Every structure is written in C-alpha cells, then in structure tokens.
Amino acid sequence: EELYRVLLTDSAGWFVAALRHIRTSVESNRPVLFFCKAGKDRTGLLAALLLSVLGASEEAILQDYVVSDQFHMVALAGLEQNPGATGLDRTKFERAPRQAMHTALQFIRETYGSIPQYLTAAGFGEGEQQELRQLLLRDAGGSSVQGSRRGAVPAGPPEDRGL
C-alpha cells in the first residue's frame, strides 16, 4: 500500500502525461495500449484514474484491478530504491490484492477529496477530464454513449471475455 502512495505522490506528472497521450491518440483515431514495463502497479493506478475519469464506480475499479492478481509478477522495477519506500514489503506487491488499490483510492480521497481533484492538483484539470471522457465515451459514429457500456471493452484477458 505504501508503494501506491509513493507512486501517486511522485509520479503525478507521469500520470498526467499518460492521460494526455491517451487523449491525443484518441483524437487522432489511433488505438491506445498502455502497460508497465515492470508489471501492474503504475498500470493499475493509471487504469484506475482513467476508469474514474470515465465515471466508473470504485467497485468497478477494484474489480478491474484484481484481474491482474492471476499473473503474480513482481513489479517494483527499482522503486524499492526510493527513500519514500523504505521498509517496503515486496511480497505485498507480487500480487494485485484488492486492499492495495482500495488503500490507494482511500489515500486519494483523504488527501485530495476525489480522483478528479487529485488529477486537477496534478495538472489535469476538469476541462481536460471532461474532454477525455467525451472522446472515450462515444460510439464509432461519434455519438456519446455516456451512461451505458456500449462500446466499452471489458477488463481481463481475451479468453475470459469470450473473444
């Protein structure tokens, strides 16, 4: 759980840059694939932030995150060297426990009030959040699909989605 607080604090600019890159790609009708070179931690947080921008509930964010738990990969990639992560228990981050993301979301709420407020404080303001939401929640014809799951891709490996 400490790792996620460190990532949310120290990597806020990275999350903003990633969300802007997603927006630019979608504006250009290019596909987007994001992943963490070392595993699931930054990717999970980025996915949580993006899902929140799209209006997903905390429960949906938590369910999406725990899909990664089936892969059991160590994902620190040198972050254990960060002084803010002193005493980090690596075994907690070899998995994707629901509690880790729950604690991260709780940290955001307690520190910033909400994910949108965290993103605003990081430099990705309400206007950019709304623009990204509108771009991603539209069908192929350009119509908004807010409030529905039409056009949404479910989380998890393709074999779990019947694809």
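These legends describe close-up views of one predicted model.

Local features need pLDDT of at least 70, side-chain atom pairs count only at pLDDT 80 or more, and totals for chains, interfaces and linings use all residues. Residues are numbered from 1 along each chain as its sequence is written, and side-chain values use heavy atoms, with hydrogens and water left out.

View 1. Helices (H or I, at least four residues) and strands (E, at least two) are DSSP runs, numbered from the N terminus. Read from the N terminus, the order is α-α-α-α-α-α-α. The chain has 163 residues, and 37% of them count as buried. Buried means under 20% relative accessible area, exposed means over 50%, and partly exposed lies in between (1.4 Å probe, protein chains only). The chain exposes about 9,000 Å², with 52% of that supplied by carbon and sulfur atoms. Such areas come from the Shrake-Rupley method with a 1.4 Å probe; for residues, only the protein chains shown count as cover. Contact means heavy atoms within 4.5 Å. Take the contacts between residues at least 6 apart in sequence: 70% of them join residues at least 24 apart.

**View 2. Helix H1 carries several buried residues.** They are Leu3, Tyr4, Val6, Leu7 and Leu8. What covers them? The cover includes helices H2 (12–27), H3 (41–53), H4, H5 (98–112) and H6 (115–122).

**View 3. Tyr4 and Tyr65 form an aromatic pair.** The whole structure has three aromatic pairs. Rings of Phe, Tyr and Trp (its six-membered ring) pair if their centres lie within 6.5 Å; planes under 30 degrees apart count as stacked, over 60 as edge-to-face and the rest as tilted. Tyr4 and Tyr65 are edge-to-face, at 6.2 Å centre to centre and 85° between the planes. Tyr4 sits in H1 (residues 2–10) and Tyr65 in H4 (residues 58–66), 61 residues apart.

**View 4. Tyr112 and Tyr118 form another edge-to-face pair.** Their centres are 5.0 Å apart, and the planes make 75°. Tyr112 is partly exposed, because its relative accessibility is 27%. Tyr118 is buried, at 1%.

**View 5. H3 packs against H4.** Two packed helices are described by the angle between their axes and the distance between the axes. Axes are lines fitted to C-alpha atoms, for helices over the stretch in contact, and angles run from 0 to 180 degrees between N-to-C directions. The axes of H3 and H4 come within 10 Å and cross at roughly 150°. The two helices are therefore roughly antiparallel. Angles under 35 degrees count as roughly parallel, over 145 as roughly antiparallel, 65 to 115 as roughly perpendicular and the rest as oblique. From H3, Asp41, Gly44, Ala47, Ala48, Leu51 and Ser52 make the contact; from H4, Ile61, Asp64 and Tyr65 do.

**View 6. H4 also packs against H5.** Here the angle is about 140°, and the axes are 9 Å apart. That makes H4 oblique to H5. Residues of H4 at the meeting include Glu58, Leu62 and Val66. Among those of H5 are Arg98, Met101 and Leu105.

**View 7. Glu27 of H2 lies in contact with Glu131 and Leu135, leaving aside its neighbours within four places in sequence.** Glu27 and Glu131 are 104 residues apart in sequence and 10.0 Å apart in space, C-alpha to C-alpha. Glu27 counts as partly exposed, at 41% relative accessibility.
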